[in-house]
Amino acid sequence: MSGRARIGMAGWGTVGGAVASRLGERLPGVELVVALVRDPGRHREEARRLAGSVILTADPDELLGADCDAVVECTGDVPLALRLARATLSRGAAFVTANKQCVALHGAELASLAERSRAALAFEAAVGGGMPVVSLLLHALRTDRPRRLLAVVNGTTNLVLDRMAAGDTLEAALAEARRTGLAEADASADVDAHDPAAKLVILAALLWRGWARPEAVHRQGIADLAPVDLGVAHALGYAVRLVAQAEAAAANGDDPGASPEVALAVEPALVPRGHPLAQVEGAGNAVVLDSDLAGRTVLTGTGAGGVPTASAVLSDLAQVLAARWAGQAPPPLPHTPSLRVADAGRRRAAAVWRLAPGRTTARAELAGAIAAAGLEPRRIAGAGELAGLADEEWVAVTGVATAARRAAAAAALAQRPDAYAVRSCLPMLEP
Ligand SMILES: NC(=O)c1ccc[n+]([C@@H]2O[C@H](COP(=O)([O-])OP(=O)(O)OC[C@H]3O[C@@H](n4cnc5c(N)ncnc54)[C@H](OP(=O)(O)O)[C@@H]3O)[C@@H](O)[C@H]2O)c1
């Protein structure tokens, strides 16, 4: 890379600090001229050490008025990021962001604005931290037709699920994730799956060239899981992962003319232990993409942390500046807010249930109740057969059915005279 550039940065925290500390070494000639933070006083000493004459400010207008070639946004503040993006792109400068919520909510608008202004919008750091999944989908697999994407894109919940598999409660596992700096004090965006839902919207937009609304993603977090659910999964040969999945409806998956209808879901699921998603440990991330020409592509990487995420930000910055110096137009991004989202109830899977009947029940009776509720009972195990189950609990594996049918079956089981409490019901991913 050659050339000189002036950049402005918003946010000097975990990610912004790691970007600032490596900018001079990795992108010589690129000067950090202004940085926006909430509290400039707190950053003055480090800023002087790392970036000499950088101006620290709490005023967004000072950042926007600095005539930078690119603005890098690492604040996490969505309205601020949107304001900075609009102003920066409108005047033809590049905007690089790590803000998944801003991109998921406003990607269509910002991509249109970028195209009209011939300005670059880049957001590798918004999904997968240091794992370059945006580049993979935007460049490497550009001409492939995607069929299905499966992903683990939330390192915090992956670490929590690993700890729960070792016997920790959700609370203890979260406390450990906070202690290691991986979870924030308020981890609800992770636990309730808002964070991976936003990332899934971005990945689906790159794959199917249209933006879905984040609320259109079927979303279930990990708050209702108990350690016994992970123990049962292990005994059956599976791991539990918070899986983000996007799948084109079979009818239009191979038809280039059809506007795709895509099922979007984030939910805990049983993943066969040999599957790449089951092998992601701790805070790792992984993506498994099935597409028509390349077949199966698997990417794993470090999903969070200041330095890995700075790798994504710096790479984006290097690319947008190189294109600017060469006078090249930035790669076209999807800008239609038109992704058709399929009814989440149509997703099909076998499932593992943890059930507690309202009175003592025999195995055959339980199998009959499940069949009467419209599902195929494939395997039933009681407290003596699987470790960790309470005396009154049973585990049932049911055959492949739609999510809507499973929901109807849960309601039917609860309404029986011997009312069955459904303590958990987790879909099983096929290999
Ligand atoms: N941390 C990760 O591992 C990771 C991974 C991938 C993506 N990301 C994304 O990267 C972004 C930044 O995350 P982070 O972990 O670096 O956050 P962070 O450590 O909390 O840092 C946020 C920075 O932004 C500044 N800031 C926040 N709101 C502001 C406002 N309204 N006006 C001015 N400055 C403001 C803060 O200023 P003060 O320092 O003065 O408080 C701070 O410097 C987020 O979008 C996050 O989702 C993070």
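**Ligand surroundings and selected residues in a predicted model**

Val 19 is buried, at a relative accessible area of 1%, where buried stands for under 20%, exposed for over 50% and partly exposed for values in between (1.4 Å probe, protein chains only). The structure is a predicted model, in which local features need pLDDT of at least 70 and side-chain atom pairs count only at pLDDT 80 or more, while totals for chains, interfaces and linings use all residues. Residues are numbered from 1 along each chain as its sequence is written, and side-chain values use heavy atoms, with hydrogens and water left out.

Val 19 belongs to helix α1; helices (H or I, at least four residues) and strands (E, at least two) are DSSP runs numbered from the N terminus. Between Val 19 and Val 228 there are 209 residues of sequence separation and a C-alpha to C-alpha distance of 41 Å.

The space that the ligand takes is the largest pocket. On a 1 Å grid over the protein atoms alone, a pocket is an open set of points with protein on both sides within 12 Å along at least five of seven lines, and a molecule sits in a pocket if more than half of its atoms lie within 2 Å of its grid points. The elements that give two or more residues to the shell around the ligand are α1 (14–26) and α2 (40–51).

Which residues come nearest to the ligand? Of the 23 residues around the ligand, these are Trp 12, Asp 39, Arg 42, His 43 and Gly 305, a residue being near if one of its heavy atoms lies within 4 Å. By class, the shell holds nine nonpolar, nine polar and five charged residues; here Asp, Glu, Lys and Arg count as charged, Ala, Val, Leu, Ile, Met, Phe, Trp, Tyr, Cys and Pro as nonpolar, and the others, Gly among them, as polar.

A ligand nitrogen atom, in turn, is 2.9 Å from an N or O atom in the side chain of Asp 77. The protein covers 78% of the 900 Å² of accessible area that the ligand has on its own, with areas taken from the Shrake-Rupley method and a 1.4 Å probe.

Most residues other than glycine have a negative phi. Arg 118, not a glycine, has a positive phi of about 50 degrees; Arg 118 sits in the loop between α5 (100–117) and β6 (121–122) and is exposed, at 56% relative accessibility. Ala 193 also has a positive phi, near 75 degrees. Ala 193 is found in the loop between α9 (188–191) and α10 (194–208), and at 0% relative accessibility Ala 193 is buried.

Two further residues complete the survey. Leu 64, in helix α3 (residues 60–64), is buried at 18% relative accessible area, and its C-alpha lies 52 Å from that of Ala 351, 287 residues away in sequence. His 335, in the loop between α13 (306–326) and β13 (340–341), is partly exposed at 30%.

Methods
A polar contact is a pair of N or O atoms within 3.5 Å; within protein, one must be able to donate a hydrogen and the other to accept it, and residues adjacent in sequence count only if both atoms are side-chain atoms. On a 1 Å grid over the protein atoms alone, a cavity is a set of points where a 1.4 Å probe fits but cannot get out, and a pocket is an open set with protein on both sides within 12 Å along at least five of seven lines; lining residues have an atom within 4 Å of a point.
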